[in-house]
Amino acid sequence: GAGQVVIGNNGLTGTITFGGTDYNTTGAQTFIADAYSMTGADPDFNTDNDNISFEDGGITLATISNLEVNTGSATAGDITIEGAIAGTSGGGTTTITLEAGSGSVSVAAISTDIGNVTIDGSGEVTLNGNITTAGGNIDINDATNLGTAVALTTGGGTVNFASTIDGAQNFDISSTGAAVTITGTIGGDVALATLDINDSSGAGTISLKDIGDTDTQGVTGTSNIGNDTTLTLDLGGTTYKTDAVTYTTKAGENIDLTGGADTTFTTSNDAITFGTGTVEMANGSNLIIDTGTSGGAIDLTGGVMGTSSENITLTAGTGTVAIGAIGTGTEVADVTITSTGNTTFSGDF
C-alpha cells in the first residue's frame with residue numbers, strides 16, 4: 001500500500017490507534033508514540049525485506065486483535081518492539097506472531113490474556129522482558145539473547161526453544177504441567193546468571209541439550225531444574241557445565257541421559273544434586289561428574305541405572321558423595337568414585 005512509512009515522533013505523548021487489519025508496505029515501517037492501541041481484527045503488519053519498529057510506547061491489543069508482524073519469512077527485515085505488549089484483561093486470548101526471516105527480533109514484555117506466542121528471526125531474538133501467557137504456548141525458533149532478566153510463565157502452555165540461549169541474566173521458566181524443550185546449547189557463548197525450570201511446581205516433562213561447552217561455563221549462578229512431580233528430565237547433550245545445580249524429577253528412572261556418549265557434569269567446586277529421581281544412562285551415555293578439587297558434594301541418592309554396561313565416574317575432590325542403588329544385571333560396567341570426603345552408600349551395587 002505504500003513505500004517507507006513513518007508515523008509519529010519522539011514528542012508524541014498520545015496514542016496511535018490501528019483500527020484496521022492490513023498494514024502492508026514495500027519499505028520500512030517506523031511508528032513512534034507513547035502508546036499504541038490495536039482494535040481491528042487480527043492486525044497484520046508486513047514489509048518486503050524491510051524493518052518494522054514500534055518505538056517508545058507499549059502495545060495494547062483488543063480481544064479480537066491477534067497480532068502478526070512479518071518482514072518476510074525468507075528475507076532480512078528486523079522487528080523492534082520497545083514497549084510491552086498487553087491484552088485487554090477481557091478473559092479471551094490474543095496470539096502474537098513475530099516473523100523476521102533472517103532478520104532479528106527485539107521484544108519487551110508480553111502479558112495479560114495472551115495465547116500462543118511465536119517468534120522467528122535467525123538474525124537473533126532478544127528478549128527484554130517477561131512473557132506470560134494464559135495457557136498459550138511459547139515457541140522461539142532461533143538463537144536467543146537475554147537482554148534483561150527474563151521469566152516465561154505459561155499457565156499450562158508448552159515452552160520450546162529451537163536454538164541456543166545466551167545472556168548474563170537470570171532466566172526462569174514456569175510451564176505448570178506442560179513440556180519444556182530446549183534443543184540448543186544454554187550459555188554456550190555467554191553464560192546465564194541463573195537458570196530455573198519448573199523448580200517449584202509442574203508435572204510436565206523437561207528436555208535439555210547442553211549447558212555450556214568444553215570452554216564455557218553455561219550458568220555462573222545456581223540452577224534448579226525440575227521438581228519432585230516432574231515426569232521426566234531428558235538430558236540429551238553431553239556437556240553440563242554449571243555452578244551449583246539440582247536436577248529433580250519424581251521417583252523412578254526419570255532422569256534420562258540420552259546423548260549416546262560420555263555425559264559430563266562439571267562445577268567449579270560446587271554441589272551437584274540429582275533429587276528424588278533415578279539417573280538412567282541410555283546406551284553409551286556414560287555418567288561422569290566432576291565437582292572440582294576443593295570439593296562440591298555429589299548427591300545421587302536416587303541411584304543410577306544403565307542400559308548396556310555403561311560406566312560411572314564420580315570425582316568430588318574434598319567433597320562428599322552420596323549414592324543409592326547402582327545397576328541391575330549387566331546394566332553398569334565400571335564404577336569409580338574419587339573423594340577425600342565421606343562417601344555414603346544407600347543401595348546395592
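# Reading strands, rings and a buried charge

Mentor: Let's begin with strand β4 (residues 29–38), which is mostly covered, as seven of its 10 residues are buried. Keep in mind that this is a predicted model, where local features need pLDDT of at least 70, side-chain atom pairs count only at pLDDT 80 or more, and totals for chains, interfaces and linings use all residues. Residues are numbered from 1 along each chain as its sequence is written, and side-chain values use heavy atoms, with hydrogens and water left out.

Trainee: How should I read "strand" and "buried" here?

Mentor: Helices (H or I, at least four residues) and strands (E, at least two) are DSSP runs, numbered from the N terminus. Buried means under 20% relative accessible area, exposed over 50%, and partly exposed in between, with a 1.4 Å probe and protein chains only.

Trainee: Which strands does β4 run parallel to, and over how many bridges?

Mentor: Two strands pair if DSSP finds at least two bridges between them. Strand β1 (residues 5–8) is joined to β4 by four bridges, in parallel, and Val6 stands opposite Thr30 there. Strand β2 (residues 15–18) also pairs with β4 in the parallel sense, over four bridges, with Thr17 and Ser37 as bridge partners. Then β4 and strand β6 (residues 52–61) run parallel, joined by nine bridges; Met38 stands opposite Leu61 in β6.

Trainee: What about the faces of a strand such as β18?

Mentor: In β18 (residues 150–153), Val150 and Leu152 make up the covered face, while Ala151 and Thr153 make up the uncovered one.

Trainee: Now the rings. How is an aromatic pair described?

Mentor: A pair of aromatic rings is described by the distance of the centres and the angle of the planes. Rings of Phe, Tyr and Trp (its six-membered ring) pair if their centres lie within 6.5 Å; planes under 30 degrees apart count as stacked, over 60 as edge-to-face and the rest as tilted.

Trainee: How many aromatic pairs does the structure hold?

Mentor: There are 16 aromatic pairs. One of them is Tyr240 with Phe265, stacked at 4.9 Å centre to centre and 15° between the planes. This pair links distant parts of the chain, with Tyr240 in strand β27 and Phe265 in strand β30 (residues 263–266), 25 residues apart. Tyr240 is buried, with a relative accessible area of 0%, and Phe265 is buried at 0% too. Phe265 also pairs with Tyr247, edge-to-face, at 5.6 Å and 75°. Tyr247 lies in strand β28, 18 residues from Phe265, and is buried as well. Elsewhere, ring pairs link Phe18, Tyr23, Phe31, Tyr36, Phe45 and Phe54 into a cluster.

Trainee: Where is Asp243, and is it buried or exposed?

Mentor: Asp243 sits in the loop between β27 (239–241) and β28 (245–249). Asp243 is buried yet has no salt bridge, a term for a side-chain nitrogen of Lys or Arg within 4 Å of a carboxyl oxygen of Asp or Glu. The nearest side chain of opposite charge, Lys241, is 12 Å away; Lys and Arg count as positive and Asp and Glu as negative, while His and the chain ends are not counted.

Trainee: What is Asp243 in contact with, leaving aside neighbours within four places in sequence?

Mentor: Contact means heavy atoms within 4.5 Å. On that basis, Asp243 is in contact with Gln217, Val219, Thr220, Gly221, Thr222, Thr267, Asp270 and Ala271.
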